[in-house]
Amino acid sequence: MQTGADIPHDRPLAGLRILEMAALGPLPLAGTLLAGFGADVVRIQKEPDDDVAVRSRRVVRLDLKSPEGRAACLDLVSGANALLEGFRPGTMERLGLGPADCHARAPALVYCRMTGWGQDGPLAREAGHDINYIALSGVLGRITRPDERPAVPLNLIGDYGGGTMTMLFGLMTALWRARATGQGDVIDAAMIDGAAIMMSKQFALHGQDQLGPPGTNLLDGGAFFYDTYVCADGRHVAVGAIEPKFYKALLAVLDLTEGDLPQQSDQARWPEGRRIFAETFLTRTRDDWVARARDKDACLTPVLDLDEAVAHPHARARSSFSRAEGGAWIPALAPRLASMDGRSLREDRNSEIPVAETIADWRAQRRRH
């Protein structure tokens with residue numbers, strides 16, 4: 001069987017034992033990142049899961065509604081450094097696995113709770129998804145152009161940016177404290193809070209009356225030099241030439257001069273600049289523009305589809321993707337640590353392990369550490 005001893009000890013998180021309650025959305029990505037960097041992640045789930053994005057774990061099958069399942073879970077808690085759960089508020093308490101139950105077995109445990117709305121407030125027990133959390137936090141309302149519906153930016157902002165990443169930061173903060181004090185903690189990681197804090201700059205500008213309507217500002221598609229354009233072949237390029245030297249380089253690629261356009265800082269005339277850029281980009285194909293901009297510091301890139309992104313020379317040079325069983329592409333773990341000396345991190349498939357053997361292994365690891 002796979003044990004904690006199977007994880008190479010030069011991994012940065014080797015020796016960290018994480019108990020993950022199977023869930024959707026941001027929690028599985030957190031488990032994948034922790035496991036990829038060497039943590040021993042044990043995922044508890046009732047039914048099989050063939051999601052190739054959920055990898056590098058040991059899997060234990062438990063029915064947490066049964067007395068036997070609850071007892072086995074608490075035995076695992078006794079050997080864990082942290083527990084990750086993503087149920088609606090109150091669910092773990094009803095199962096007898098809430099923070100108080102777990103801290104009675106492991107006082108230094110960091111108990112991470114991942115939800116959309118948070119553990120309290122009038123919406124705490126309401127259903128929702130990424131789009132709802134970023135709508136209520138003010139994020140979605142800014143991702144739009146004048147007189148258009150708000151865009152739907154996949155589920156990247158609420159689930160993974162506001163959820164996974166802020167929860168991992170809270171986890172590492174609490175683990176650092178627990179190592180020093182022996183005292184665990186309970187983390188209330190809410191996607192709505194995480195999405196809002198990523199908007200800190202926008203809220204600050206708004207409060208100082210320095211933010212215009214959506215779609216009229218520097219970074220939301222208002223600026224003609226920070227936007228996307230369709231080319232002669234129907235494909236798109238993205239330009240982000242904000243600084244004057246990059247803007248001049250972009251104009252050179254486009255065979256334009258500053259006299260052909262309104263002043264870059266003249267926000268009232270940005271629509272005029274966009275019209276000129278749009279007409280210009282329609283004269284060549286996407287890849288023609290990309291070739292002209294190569295090595296020019298013009299901040300011009302192609303808008304790639306997924307197949308193109310995987311095959312791009314930059315991605316290939318950095319080994320940014322690998323093939324999983326069944327042909328799925330798996331992005332490489334990030335960020336990259338110099339201490340890993342170019343060695344790949346763990347990206348193996350899950351292995352299902354009997355609960356008794358897993359409990360025994362974790363008890364042995366706890367004694368060693």
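Begin by selecting arginine 274 and aspartate 227, which form a salt bridge with their closest N and O atoms 3.1 Å apart. The model is a predicted one. Because arginine 274 belongs to helix 10 (residues 270-281) and aspartate 227 to strand 7, the pair ties together parts that are 47 residues apart in sequence. Arginine 274 is partly exposed, at 22% relative accessible area, whereas aspartate 227 is buried, at 8%.

Next, select Asp233, Arg235, Arg286, Asp287 and Glu308, a single network joined by salt bridges that share partners.

Return to strand 7 and select tyrosine 226. This residue is partly exposed, with a relative accessible area of 31%.

Now turn to the largest pocket, which holds about 800 Å³ of space. Its lining comprises 31 residues, and those closest to the centre are Arg142, Ile143, Leu219, Asp220 and Gly221. Helix 8 (200-207), strand 7 (226-230) and strand 8 (236-240) each contribute at least two lining residues. By class, the lining divides into 17 nonpolar, 9 polar and 5 charged residues.

For the last stop, select arginine 105 and aspartate 75, whose side chains meet in a salt bridge (2.7 Å, N to O). This pair links distant parts of the chain, 30 residues apart: arginine 105 is in helix 4 (residues 99-105) and aspartate 75 in helix 2 (residues 67-79). Arginine 105 is partly exposed at 34% relative accessible area, and aspartate 75 is also partly exposed, at 23%.

Note on methods. Residues are numbered from 1 along each chain as its sequence is written. This is a predicted model: local features need pLDDT of at least 70, side-chain atom pairs count only at pLDDT 80 or more; totals for chains, interfaces and linings use all residues. Side-chain values use heavy atoms; hydrogens and water are left out. On a 1 Å grid over the protein atoms alone, a cavity is a set of points where a 1.4 Å probe fits but cannot get out, and a pocket is an open set with protein on both sides within 12 Å along at least five of seven lines; lining residues have an atom within 4 Å of a point. Grid points are joined across faces, edges and corners, and a volume is the space filled by probe spheres set on the points. Helices (H or I, at least four residues) and strands (E, at least two) are DSSP runs, numbered from the N terminus. Ala, Val, Leu, Ile, Met, Phe, Trp, Tyr, Cys and Pro count as nonpolar, Asp, Glu, Lys and Arg as charged, and the others, Gly among them, as polar. Buried means under 20% relative accessible area, exposed over 50%, partly exposed in between (1.4 Å probe, protein chains only). A salt bridge is a side-chain nitrogen of Lys or Arg within 4 Å of a carboxyl oxygen of Asp or Glu.
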